[in-house]
Amino acid sequence: MRRSNIRLLELTINIGSENELSESKKGIIFAMGAYLIWGFLPIYWKQIEEISSYEIIAHRVLWSFVFMILFIVFIGKWRYFKEDLKFIFSNKKKVIALFLASAVITSNWLVFIIAVQAGHILDASLGYYINPLISILLGLIILGERFSKVGWAAIVIVTVGVVYMIAGLGSAPWISFYLAVSFSLYGLIKKTINLDAVYAMAVETFVLAPFALMYIIYVQATGAGTYGVNTES
């Protein structure tokens with residue numbers, strides 16, 4: 001009986017380790033996919049450089065919100081989303097953190113698009129290369145995380161690479177630093193909220209969607225809007 005219990009405990013530990021490894025692999029795959037998409041995004045933003053960055057952001061926020069709501073309904077998680085939303089808005093600290101996260105990530109998007117359209121693609125790209133180092137620093141100082149010797153070796157190698165790239169620019173890459181710091185702060189705030197990634201995206205865009213809609217209505221009413229239906233024959 002004792003051997004059976006020990007064997008059961010070993011199997012439980014092994015299964016837990018396999019699940020943790022599986023989740024770690026998923027995280028790496030998703031991160032690589034995200035950075036790959038971000039790598040191609042400047043091509044798109046550059047093609048529409050004649051459109052105001054503020055209008056682009058307004059549409060991005062509004063239609064991201066619409067898409068996320070439809071997606072949540074499609075996967076059958078609407079009830080769980082409402083429960084999480086109710087829980088979030090019952091906690092003042094989480095509400096403040098949510099608004100702050102929404103504002104930070106929106107400013108990050110805006111600066112990124114402005115940088116690309118203004119021809120500072122290298123600075124914008126460097127920002128997301130510096131980002132992991134800032135995230136590590138915040139994790140070390142604020143969250144009290146610790147790293148292995150191999151981890152520190154990797155950090156040193158990346159730091160040397162970043163310093164080399166910054167030196168090659170010949171000037172302080174303020175755009176890069178802002179993108180790196182804002183995205184790292186966004187990640188830190190999201191960690192304190194502790195909300196599912198899909199729900200978090202929906203809630204963040206929900207918070208900003210009314211402002212985005214008002215701006216879109218304003219630019220359309222003043223004739224400054226770019227998007228819309230062409231009624232000319």
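R79 is partly exposed, with a relative accessibility of 48%. E83 is also partly exposed, at 42% relative accessibility. In this predicted model, the side chains of R79 and E83 form a salt bridge, with an N to O distance of 3.3 Å. Both residues belong to helix α3, and because they are 4 residues apart there, about one helical turn separates them.

## The other salt bridges

How many salt bridges does the structure hold? The count is 3. One of them joins E49 to K46, whose closest N and O atoms are 3.2 Å apart. E49 has a relative accessible area of 40%, so it counts as partly exposed. K46 has a relative accessible area of 29%, and it is partly exposed as well.

A salt bridge is also formed by the side chains of E204 and K190, at 3.3 Å from N to O. This pair links distant parts of the chain, since E204 sits in helix α8 and K190 in helix α7, 14 residues apart. Are E204 and K190 buried or exposed? Both E204 and K190 are buried.

## Overall fold

The protein has 8 helices and 0 strands. Read from the N terminus, the order of elements is α-α-α-α-α-α-α-α. Of the 233 residues in the protein, 33% are buried.

Contacts can also be sorted by how far apart the partners are in sequence. Among contacts with a separation of 6 or more, 82% are between residues 24 or more positions apart.

## The nonpolar cores

The largest nonpolar core contains 43 residues. W45, F81, F112, I193 and L195 are the residues with the most contacts inside this core. Which helices each supply at least two residues of the core? They are α1 (2-47), α2 (53-74), α3 (78-88), α4 (92-117), α5 (121-141), α7 (174-193) and α8 (197-221). Helix α4 gives the largest share, 11 residues.

When its neighbours within four places in sequence are left aside, F81 is in contact with I69, I72, Y199, A202 and V203. Another core, of 9 residues, lies apart from the largest one, and its members include L138, V162, A180 and L188.

## The largest pocket

Where is empty space left? Rolling a probe the size of a water molecule over the atoms shows this. The largest pocket has a volume of about 1,600 Å³. Its lining is made of 36 residues, and those nearest its centre are W38, F183, Y186, G187 and K190.

Helices α1, α4, α5, α7 and α8 each give two or more residues to the lining of the largest pocket. The largest share of this lining, 10 residues, comes from α1.

## Confidence in the model

The mean pLDDT of the protein is 78. A pLDDT of 70 or more is reached by 86% of the residues. Which helix has the lowest confidence, and which the highest? Confidence is lowest in α1, with a mean of 63, and highest in α2, with a mean of 91.

The pLDDT is below 50 over residues 1-13. Beyond near neighbours in sequence, this stretch makes 0 contacts in the model. Helix α1, with the lowest mean confidence, is also the element that gives the largest share of the pocket lining.

Key. Residues numbered from 1 in each chain as written. Predicted model: local features only at pLDDT ≥ 70, side-chain atom pairs only at ≥ 80, totals over all residues. Heavy atoms only, no water. Core = buried A, V, L, I, M, F, W, Y, C linked by side-chain atoms within 4.5 Å. Buried < 20%, exposed > 50% of the residue type's maximum accessible area, 1.4 Å probe, protein only. Contact = heavy atoms within 4.5 Å. Salt bridge = Lys/Arg side-chain N within 4 Å of Asp/Glu carboxyl O. pLDDT = per-residue confidence, 0-100. 1 Å grid on protein atoms, 1.4 Å probe; cavity = no way out; pocket = protein on both sides within 12 Å on 5 of 7 lines; lining within 4 Å. Points joined across faces, edges and corners; volume = space filled by probe spheres on them.
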